[in-house]
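Opening the notebook on a new model today. I'll start with charges, then go through rings, strands and a few side chains.

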Amino acid sequence: ASNTNFASVNGVLYSKNMSVLYKYPSGKTGSSFEIPSSVKKIDDYAFSNTSLENVTMPNGLEAINTGAFDRCKDLLSVEIPQTVKEIGMFVFQNCAKLTSVVIPDQVKELKSFAFGYCVNLRDVIIGASVDEIDGSAFSGCSSLQSFVVNKDNNTYTAEGGILYSKDMTVLVRCPLALYSDEMILGDEVL
């Protein structure tokens, strides 16, 4: 009998029309996976706790839901397509080998622990439309060295790798790897 709601391709569960990827099995072997071009949304915890090193996301992908890649301890790199508009909470939490990330220009918000405890994350590039970053979005990123912000972003800027409000009156986030016993800040920071 044919299921009218779901499809399974090589053990991966999708919506029937292949627009939603529901689950990549945690025990599935292989180090890389290419998400089909028809997928518009990666569902909650879809890749959570898998051993994948590389996941290729298609242009046309619009949403990466809560915890989609949570605890993917072997994930080395991620290229989020510019078509993505939403990145949920805990999306890349505990991805210990992830070293850099580029937040697409259409994403408006970085939610709770989106990149929490990515202990080897060093560099973050923030897109033009990001106007809200939860205080915990980069919690526990002990190797974080640098934020870079798209010059067209109206809310944030970065200087010396430190994330500030656009008008430089609020220090939003200092990368943990830059912390020292003493920091000298410009006169304009309140």
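This is a predicted model: local features need pLDDT of at least 70, side-chain atom pairs count only at pLDDT 80 or more; totals for chains, interfaces and linings use all residues.

**Entry 1: salt bridges**

I ran the search over the whole structure and got five salt bridges.

I looked at Lys-73 and Asp-74 to begin with. They form a salt bridge, with the closest N and O atoms 3.9 Å apart. I had to check the cut-off here: a salt bridge needs the nitrogen within 4 Å of the carboxyl oxygen, so this pair counts. Asp-74 has a relative accessible area of 19% and goes down as buried, because buried means under 20%. Lys-73, with 48%, is partly exposed. I also noted that Lys-73 and Asp-74 belong to a salt-bridge network that takes in Lys-97.

Then I went to Lys-111, which forms a salt bridge with Glu-86, closest N and O atoms 3.5 Å apart. I wanted to know which parts of the chain this pair links. Lys-111 sits in the loop between β11 and β12, Glu-86 in strand β9 (residues 86–87), and the two are 25 residues apart, so I logged it as a link between distant parts of the chain. I have Lys-111 as partly exposed at 23% relative accessibility, and Glu-86 as partly exposed at 37%.

One more from this search: Lys-151 and Asp-152 make a salt bridge, again with the closest N and O atoms at 3.5 Å. Lys-151 is exposed at 68%, whereas Asp-152 is partly exposed at 47%.

**Entry 2: aromatic rings**

Next I searched the whole structure for ring pairs and found 11 aromatic pairs. I opened Tyr-24 with Phe-33: it's an edge-to-face pair, 5.0 Å centre to centre, with 65° between the planes. I checked burial too, and both Tyr-24 and Phe-33 are buried.

Phe-115 and Phe-138 gave me another geometry. That pair is stacked, with 5.5 Å between centres and 5° between the planes. Phe-115 is buried at 0% relative accessible area, and Phe-138 counts as buried at 2%.

**Entry 3: strands**

I traced strand β2 (residues 12–15) and found it joined to strand β3 (residues 20–23) by two bridges, running antiparallel. Leu-13 stands opposite Lys-23 of β3. The hairpin of β2 and β3 has four residues between the strands, and there I picked out Met-18 with a positive phi near 65°.

From β3 I moved on to strand β5 (residues 41–42), which pairs with β3 in the parallel sense over two bridges. Leu-21 has Ile-42 of β5 as its bridge partner.

I also looked up an open sheet of three strands, in the order β4-β6-β8, with parallel pairing. Its edge strands are β4 (32–34) and β8 (77–78), each pairing on one side only. Between β4 and strand β6 (residues 54–56) I noted three bridges, parallel.

**Entry 4: buried polar side chains**

I placed Asp-70 in the loop between β7 (63–64) and β8. Asp-70 counts as buried at 5% relative accessibility. What does its side chain touch? I found a polar contact of 3.1 Å to the side chain of Arg-71 and one of 3.5 Å to the side chain of Gln-93.

Asn-153 came next, in the loop between β14 and β15 (156–159). Asn-153 is buried, at 0%. A polar atom of the Asn-153 side chain lies 2.9 Å from the backbone oxygen of Val-130.

**Entry 5: surface patch**

I located Val-148 in strand β14 and logged Val-148 as partly exposed at 40%.

Technical notes: Residues are numbered from 1 along each chain as its sequence is written. Side-chain values use heavy atoms; hydrogens and water are left out. Rings of Phe, Tyr and Trp (its six-membered ring) pair if their centres lie within 6.5 Å; planes under 30 degrees apart count as stacked, over 60 as edge-to-face and the rest as tilted. Buried means under 20% relative accessible area, exposed over 50%, partly exposed in between (1.4 Å probe, protein chains only). Two strands pair if DSSP finds at least two bridges between them. A polar contact is a pair of N or O atoms within 3.5 Å; within protein, one must be able to donate a hydrogen and the other to accept it, and residues adjacent in sequence count only if both atoms are side-chain atoms. A salt bridge is a side-chain nitrogen of Lys or Arg within 4 Å of a carboxyl oxygen of Asp or Glu.
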